[in-house]
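Visitor: I would like to know what stands behind the labels here. Please walk me through them.

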Amino acid sequence: MEQSWKQAKAAFAAIAVPPVAWLVLFFLVPLAVIWAYTFGENVGPTTIDFTGTFANYARALEPLYLDIFGKSLIIAGLTTLLCLIVGFPVALAIAFAGPKLKSWLLLAIMLPFWTNLLIRTFALIAVLREQGYVNFALEWLWNNASGFMTLIGLQPLGDYEPLTLLYNNTAVVVGLVYVHLPFMVLPLYSALDRMDRSLMEASLDLGAGHMRTIWSVVVPLAAPGIASGILITFIPALGAYLTPDLLGGTDSQMIANVIERQFKRANDWPFGAALSFLLMYLTFIAIAAQAFIQRKAERRG
Amino acid sequence: MAKGKYLKGASRRSLLKQFGAAAVGISFAGGLAGCSRASSRTVNFHNWATYIGPTTLDDFQEATGISVNYTNFASNDELFAALRAGNPGYDVIVPSNEYVTRMADAQMLMELDHSLIPNKANLLPEFQDAGFDPGRRYSMPYTWLVVGVGYRKSRMPSPTFVPDSWRYLLDSNQFTGRIAVLGDSADLIRLSAKYKGHSVNGVPDAMLSEIEQMLIRQKPHIKAFHEDDGQDLLLSGEVDIVMEYNGDIAQSIRDDADIAWVIPSEGTLQNQDCLCIPNQAPHPEDAHAFINYLLDGQAGAGIAEEIQYATPNSAARDLMPEDYKSNTIVYPTPAELARCEYGAFEGDEKARLYEEIFTRISAA
């Protein structure tokens, strides 16, 4: 028989106290300190007075920083959209694969997590740079095509000019999609895997095509998975700083890069904290929106 | 930040940067806990990565019986942030000139007892004192370096062409898309001021807005604001001309003879990495002994030979091979040095202003 936690208070406390204490001590307390910084003022090189000022937020809301927030939102949004477009068919394929193949495919999705993000990003640099594997492959194709043209008596193509794939915003989005794809695939997979297959069979039996079935049956049923996939892809992408730093060009600065520099070179922790919390408020709004949508969907269902 | 160089581990300024201060701090705390239990004498030395001789620390232990607990940091900012809330247990740290002032201002540094550092006499006369630390109250010089231009000879318009002006990097479309400059706000703005004929210090507001306009104009021609890994971008053929430190380019030239180095005619920034003892250092006496040991001729030569940066130590330099002493990349000529300046710490307000200008340039 299921027991209410009220009947086993001691056992419940024994299980709950360590993680709660951990969370309070190492998450909420530090977070509260940073939050307090947002109302602080620099009075010396290492001293901050908690004066309750809103100047840091006022500065963080200047057009300069709002534009950078806006740009970060666009890049994170684009990343999430691409992850969804790429991730949905992948999750669908895994959900419908045989049990043996399925575990291998899931392993393949998780494999990148075994390597540090930094190392993966360096690997991407080695692939995308001008003397990188993508350009090597294209050069090989180009030279063969050129050889073929001479063979059939046409003008050769001339020298191969390597493509510039790194150090621009496209490279940042490619890098972010590469890094965040598993975050999208896994919740999608778990939603699709739990789906009642007979509903799809019914849809097909009743004359709907495959695309129609996916759009009208699979997607609505997977909506909660899609929503959580979007959320856990979008939030880390919004706060990305390593990827724009390493793959970006001169105009790829995202808000997290600005925040990092406030805590380092600028030595302006209150302002850096205000920017961080503005980002966090945005995140809370996104989570609230997701919860709202989900509740609405549940009520309708 | 480090990019390709990180993997090769080529330079002091790159190795740990991306892992961030947090990771370093945690590993350090662990290391310290381990050593404080040991009863033997220890010095906790916090240095740039790959910035020490291969046997220096062992030799020191052999000579004095003091063991060295060696940890790394990746940038001055990281070091400063680590010490902000109090010294986590370091005995000797290696901030650069500007940060010696910044840390001394923030009362993070202990005054050195010169009587415990007799090897100070080994220093070249020009390093006996320093503008950023009058009387060397807080710092002893460890190495020094200059910023200049590294370039790929075969990609220059003619074999004799030398890009001997900051113009090619900061104010010209000649190498459009083939340029990388340092992504540090202060370095970039100071060298822009130098290009405009001003000192790297005391740049007036009117000139700052001119510089901002110039860099916004130049931005489309610049491929990347690099994090001190310009030599990798140069070596991998990603760019043809970079703003970089001399030691990094000297190392690149050993790998690739097509790379060359020049100090622009307008002059440049000089940096000095210094040995300091932070306040509340647990072993101040042993720290002095360690600093004194690093300033020894033999020890200094072992370090300089490994890291290929210029030593301020005349005894060490005398022991070095001729090709090192005559390397004009590592040791700029007196005429070039006359055009070099140290970037001074001009207060937190100025640092914040430079940072905001850089944010505006990046966002433009």
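**Labels and their cut-offs**

Guide: Let us start with A:V172, which lies in helix α7 (residues 169–193) of chain A. Helices (H or I, at least four residues) and strands (E, at least two) are DSSP runs, numbered from the N terminus. This is a predicted model, where local features need pLDDT of at least 70, side-chain atom pairs count only at pLDDT 80 or more, and totals for chains, interfaces and linings use all residues. Residues are numbered from 1 along each chain as its sequence is written, while chains are lettered from A and ligands numbered from 1 in the order in which they are written.

Visitor: Why does A:V172 count as buried?

Guide: A residue is buried if 20 or more other C-beta atoms, placed from the backbone, lie within 10 Å of its own, exposed if 12 or fewer, and partly exposed in between. A:V172 has 25 C-beta neighbours inside 10 Å, so A:V172 is buried.

Visitor: Which residues is A:V172 in contact with, leaving aside its neighbours within four places in sequence?

Guide: Contact asks for C-beta atoms, placed from the backbone, within 7 Å. The partners of A:V172 are A:I75, A:T243, A:P244, A:L247, A:G248 and A:S252.

Visitor: What makes A:N267 buried?

Guide: A:N267 has 22 C-beta neighbours inside 10 Å and therefore counts as buried. Its place is in the loop between α12 (255–263) and α13 (269–300) of chain A. A:N267 is not a glycine, yet has a positive phi of about 50 degrees.

Visitor: Why is B:Q308 called partly exposed?

Guide: B:Q308 has 19 C-beta neighbours inside 10 Å, so B:Q308 counts as partly exposed. B:Q308 sits in the loop between α12 (297–307) and α13 (314–318) of chain B. Phi of B:Q308 is also positive, near 60 degrees, in a residue other than glycine.

Visitor: How do you know that α7(B) and α16(B) are roughly perpendicular?

Guide: The axes of helix α7 (residues 185–195) of chain B and α16(B) cross at roughly 85 degrees and come within 9 Å. Axes are lines fitted to C-alpha atoms, for helices over the stretch in contact, and angles run from 0 to 180 degrees between N-to-C directions. Under 35 degrees is roughly parallel, over 145 roughly antiparallel, 65 to 115 roughly perpendicular, and the rest oblique. The pair is therefore roughly perpendicular.

Visitor: Which residues make that contact?

Guide: From α7(B) come B:S185, B:A186, B:L188 and B:I189; from α16(B) come B:A351, B:Y354, B:E355, B:I357 and B:F358. Seven are nonpolar, one polar and one charged. Nonpolar covers Ala, Val, Leu, Ile, Met, Phe, Trp, Tyr, Cys and Pro; charged covers Asp, Glu, Lys and Arg; the others, Gly among them, are polar.

Visitor: What does chain B bring to the contact with chain A?

Guide: Chain B gives 32 residues and chain A gives 29. The largest share of the side of chain B, eight residues, comes from α16(B). That side has 11 nonpolar, seven polar and 14 charged residues.

Visitor: How does the span of helix α10 (residues 223–238) of chain A stand against the expected one?

Guide: The expected span is 1.5 Å times one less than the number of residues. α10(A) has 16 residues and reaches 22 Å from its first C-alpha to its last, close to the 22 Å expected. Its buried residues include A:G225, A:I226 and A:F234.

Methods: Contact = placed C-beta atoms within 7 Å.
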